[in-house]
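These are my notes from looking through the model. I took the domains, the confidence scores and the interfaces in turn.

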Amino acid sequence: MNKSIEEHLRRLEAESIYILREAYANIDPLVMLWSIGKDSTTLLYLVKKAFLGRVPFPLVHLDTDMEMDEVYAFRDWIAKEWDFDLTIEHCPPESEMDPTLPPASRAAARKTQGLKNLIQDGKYEGVFLGIRRDEQSMRAKERVFSPRDNNGEWNFKDQPAEFWGQYKTDFPEGTHIRIHPLLHWTELDIWRYTQLENIPYVPLYLARDGKRYRSLGEKNITFPVDSNADTLEAIIAELEETRDPERAGRAMDNETEDAFERLRASGYM
Amino acid sequence: MTAQNTQQLPIVIVGHVDHGKSSLIGRLLYDTQSLPANKQKEIEAISSKRGMDMEWSFVLDSFQAERDQAITIDTTQIWFKTPKRSYVIIDAPGHREFLKNMISGAAQAEAAILVLDAKEGIKEQTKRHAYLLHLLGLKQVIVAINKMDLVKNDEARFNELSKDVSEYLASLNIFPTAIIPISARQGDNIANSAEKSMPWYKGHTIVQKLDTLTASAALIEKPARFPVQDVYRFDERRIIVGHLDSGRIKIGDKLTFSPVNETATVTTIESWPAKAEQTEVEAGQSIAITLDQPIFVERGHIGSHAEDAPMLSNVFRMHLFWLSDKPLKVGNVYKIRLATQEALATVQAIEKTIDTDDLKSSEMGDVVRNGVAEIVFRTRDMLALDPFSDNPSTGRCVIYDGFDVAGGGIVSMEGYADQRMAYVQRPKNIYTVEHLIPHEERAQRNGHKGAVFWFTGLSGAGKSTVAMNVERYLFDKGYNTYVLDGDNVRHGLNKDLGFSPEDRKENIRRVAAVSGLQADAGLITITAFISPYREDRESARALTPDHFHEIFIKADLATCENRDPKNLYKKARAGDIKEFTGISSPYEEPDNPDLVVDTQKHDLQTCIQQVADYIESHVKIADIKTKKISNS
Ligand SMILES: Nc1nc2c(ncn2[C@@H]2O[C@H](COP(=O)(O)OP(=O)(O)OP(=O)(O)O)[C@@H](O)[C@H]2O)c(=O)[nH]1
Ligand SMILES: [Mg+2]
C-alpha cells in the first residue's frame, strides 16, 4: 500500500480512537450497535484497538430476522472468534410501523423502533453507530456527537456547534447522544483499512456470478450490483474508479426525494 | 485534538448568504466528473419540480428545508479528487443565523475559498467569515468572485472588487493565494478556463489553484503535548491514553504531567493487536503508555517533556467568537474545555469587542451572539496552556453554557506570567518548612493580619507620597507597617539592576519576594514601584495569592509629565534617560485592580483616606477567631 494512503488511514484510525475514548470518558452507560456490515465491523475492530483488546460496553445486533444467511453465519463466527458478549435484539414487526411511509422505509422503520426500545430499556445515554458522511447526503450533515430528543428524534435544523475535537457530552435527562466515530471515513477508506489490518468481512461483498453487495441490508430491500470484484484488491480498484453511489442497492434511500430525511429525523441510524 | 492530513486536504467554502458557495461546489464536482452517476439526473428532476433551471446547490443542500428556501442550513462534506490528490470540500452556510454551523465546518479545514458575488460585492458575512478564518488560524485563502455572468464578465468590476477584498483581508493579515473571477452557473474558471467569456483573465482556475495549496506543517517538530483522556485499569497495569497532539514520545523519556507537576518515565507503549515492540510515537497518533512510577495522573492532565512544559496560569486572555443567545458578561462563570482539561472560568474583563464590519473595537458592552471579542478569563485552579501561536493543542478552548457549546477562542498569554515557578516553589519551599507560630497567632499579637498592598502607576502619579502618608497614618493608629519604595530598594537590595525589561522584571521579582516575607511576618506591606508590566504583577500576586491587593494609583501621562517632581520626564524627553516608562517604555494598566485611586480627580488627603480605609478593612481579624485564640 502506498505510504501516503497508509498515513491517511492511520490518521483516521487515530481520530476514531480519540472519539471512542472521549465518549467512554464522558458518557455512561454506552452501547454499540453492530450491524455485521463492513462499517460496523471496522468500528468494532477500532473499539478493540482503543480499549486494548476489550469491548467495555454491550454490543447489540438489532435483528430484523430478515438478514441474509451469510450475515448470520458471519455474526456467530466472529462473536466466537473475537470472544465478546453479543446481545441480539429483535425488532418489532412491520405491521406496527407508520403506514404512510413507503414500503421499504417501513421496513427500515422497524430498526428505528428496535433502537428506541433498546435505548429505553437500557437507559443508554450514548449509542455508537458506524455511519459515514459519504454514504448519503443527509448523513453528510451529521455531527460526531449528535443529540436525540426524548422521542429519539434528530433536530437536524438546529445541531450543536462542534469543533476542535470538543464534543457535546452534557444533555438533559431522557435524551441521548449518537456517537459516530467513522463519520469522516469513506467507503474506500473502509476497504483499504480492512485490507491493511486484515479485518474479516461478510463474503457477500465479493462478486459471485458478476454481482456483489456494496451495502448489506435486509433480504427483501437490498440488491446486489453488477461487479466482477471478487477479491479485496478488486473491490478497492473498483471503488477508485466508480461513480455509482454506494447505497444504490438500498431501496429505502431512493423511494422519494425526502424518504431518507424522514427516516433519519425520526431516529433511523 | 488536531488532525493533519497530507493525502486529503480539507477545504472550506465560505462567504455571504446566496453568493454561490454551494453552487460552486456542485459545479466543481460536475465539471471534474466527480458526481455519482445518477446525481445529475436527480438534481435536474428536483430542480424542475421546483420550477428552477439546474440548481447546482442541491447537490449539497440535501434537507428539504434547504431546497425549499434555497439556503444552506448546515455544513456538509463531500469528497473530490484531482490527479494530484484528494480533497474534502466542506460547504458552510452563509446566513448569519447559522454561524455555529459555519464554524463547525471551517474549524476542520486547512484552507478556504471565500466566495463573493460580483454584483453584490462585499457584505456583512463576507467580512465576518474572513475574520473567523483569521481567528481559526486559516492562512491559505483563495477568493472566488462569483456570478461574473451577472456583471457581463466585466474586468473593471473584477479589479475593483479584488482591491476591496484584498484590503480588508490584509488588515486581518490574510494574503489570498489567488483571486479568481468565476461563474458557477456557466462553469467558468472552475475546472475549465473561461477563455471565451473572460479572455482578460490569465490566471489559474479554481481546480488548478487548489492543487498548489499545501497541507500545514505537521506538529511533530513542536514540543510534545499529550492531553490525558483517561487512565485504564483493565488489569494490574495503569495505562494512560490520549491523542498525542504534538511532538514525539519515546520509551525511556521522562514525562511531566501538568498542572500537578508529577514526573515519571515511559516504560511501555501499548497496542492491540500487539505489535513488534514500538519504541516511539509521534504527533497525530492515539497512544497508550505505562509509566515506571504510580504518580497521580488523570484525565485533563497534560503530558510533556519537563524542559518543554506548557505554561501554568489561572488567568489568560482569549480572543473568542460567541455563539450563544445569552450574552457573555463580566462576572459570568462558564465551563471551559482546553485540550482534555475542564474548568470553571470567570470572565474577569471584556477588554474589547470587535465590529467585524469595520474592525473597530470598543471597550464597552457585553459580547452578543455572533460577536467577537478579547476577554480575560480567571480560573480557580491552574491550567496548563500555551499561546495559540505556539501550539494549537493547548492554545484554544471551547466554552460551554448549560448543555451547549457557547463559543470558542484562542489563548494569548501576552502580559501574563507563566506561574509555573511560583506554583512549583510554593508547595516546595514555603509549606515544607513550617514555622511553629501559626499566622493567626501572629495576627493576634499584632492586632491585625499581614498583607501586601501593591501600588502601581506612572512615575509622578503619587505612589510614594500616598504610600508614605498612609504608612504614617496607620502607624499612628497602632498598626505595624512598612513601605518598600522603588528608590530606596534600588540603593541596596537591587543595586545591581538597571532599567531594561529583564532588570525591571528581576527588580519586581525580588520586591515581590521580600514583601511576601514581610506580610508573612505580620507586617502591612505597601510597595511603591511603577511595576509597569502586568505579567510581573501577576507573578507577584502568585507568590502570596491570598493576601495580595493590587492598587492602581491613577493619573494620566500628561498630568504626571506636568507634575514632574524629579524632572525625570524632561530628561526622558531629551533622551537623557533611556527606557523611561510612559515615554520610551510601555506602561500596562491593571486589568482589574482591587482598588483604583485617582490622584488626578481627588486631593491628596482623600486619596490617603481611601487607601487607609481599604487597608484597615482588609487586615481586620475576624471576631470569632479573636475569641477562640484569646480563650485558649
Ligand atoms: N447568475 C448566476 N447565479 C448564480 C451563480 N452561482 C450561484 N448562483 C445563484 O445564486 C443563488 C445562491 O446560490 P447558492 O449556491 O445556494 O448560494 P450559497 O452561497 O451556497 O448560499 P448559502 O449557503 O445559503 O449561504 C442560487 O439561486 C444560484 O443559482 C452564478 O455564477 N451566476
Ligand atoms: Mg450554500
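Which domains does the domain assignment give for chain B? I looked this up before anything else, bearing in mind that the model is predicted. The assignment gives domain 1 (8-212), domain 2 (219-308), domain 3 (317-422) and domain 4 (438-623).

**Confidence**

I checked the scores next. Chain B averages a pLDDT of 89, and 95% of its residues score at least 70. One is residues 425-432, which has 6 contacts in the model beyond near neighbours in sequence. The other is residues 624-632, with 5 such contacts. For the complex, the predictor gives an ipTM of 0.94 and a pTM of 0.78.

**Chain B against chain A**

I then turned to the interface between the chains. On the chain B side 76 residues are in contact, and they meet 56 residues of chain A. I read the buried area as about 5700 Å², with 54% of it from carbon and sulfur atoms.

How many salt bridges are there between chain B and chain A? The count is 10. I looked at one of the pairs, A:E257 with B:K49, which is a salt bridge whose closest N and O atoms are 2.5 Å apart. Strand β21 (residues 404-412) gives the most to the side of chain B that touches chain A, namely 6 residues. By class, that side has 32 nonpolar, 27 polar and 17 charged residues.

**Domain 3 against domain 4, chain B**

The C-alpha centres of domain 3 and domain 4 lie 30 Å apart. Here 10 residues of domain 3 are in contact with 9 residues of domain 4. The area buried between these two domains is about 860 Å², and carbon and sulfur atoms give 49% of it. In domain 3, B:G415, B:Y416 and B:A417 lose the most area to domain 4, together 42% of what that side buries.

I found 1 salt bridge counted between domain 3 and domain 4. I also noted that B:R378 and B:E538 meet through their side chains in a salt bridge, at 3.6 Å from N to O. On the side of domain 3 that touches domain 4, the elements giving two or more residues are β17 (341-354) and β19 (372-385). I recorded the residues of that side as 4 nonpolar, 3 polar and 3 charged.

Terms used. Residues are numbered from 1 along each chain as its sequence is written. Chains are lettered from A and ligands numbered from 1 in the order in which they are written. This is a predicted model: local features need pLDDT of at least 70, side-chain atom pairs count only at pLDDT 80 or more; totals for chains, interfaces and linings use all residues. Side-chain values use heavy atoms; hydrogens and water are left out. Contact means heavy atoms within 4.5 Å. Buried area is the accessible area (1.4 Å probe) that two parts lose on being put together, summed over both. A salt bridge is a side-chain nitrogen of Lys or Arg within 4 Å of a carboxyl oxygen of Asp or Glu. Helices (H or I, at least four residues) and strands (E, at least two) are DSSP runs, numbered from the N terminus. Ala, Val, Leu, Ile, Met, Phe, Trp, Tyr, Cys and Pro count as nonpolar, Asp, Glu, Lys and Arg as charged, and the others, Gly among them, as polar. pLDDT is the predictor's confidence in each residue, from 0 to 100. Domain bounds come from an automatic or database domain assignment.
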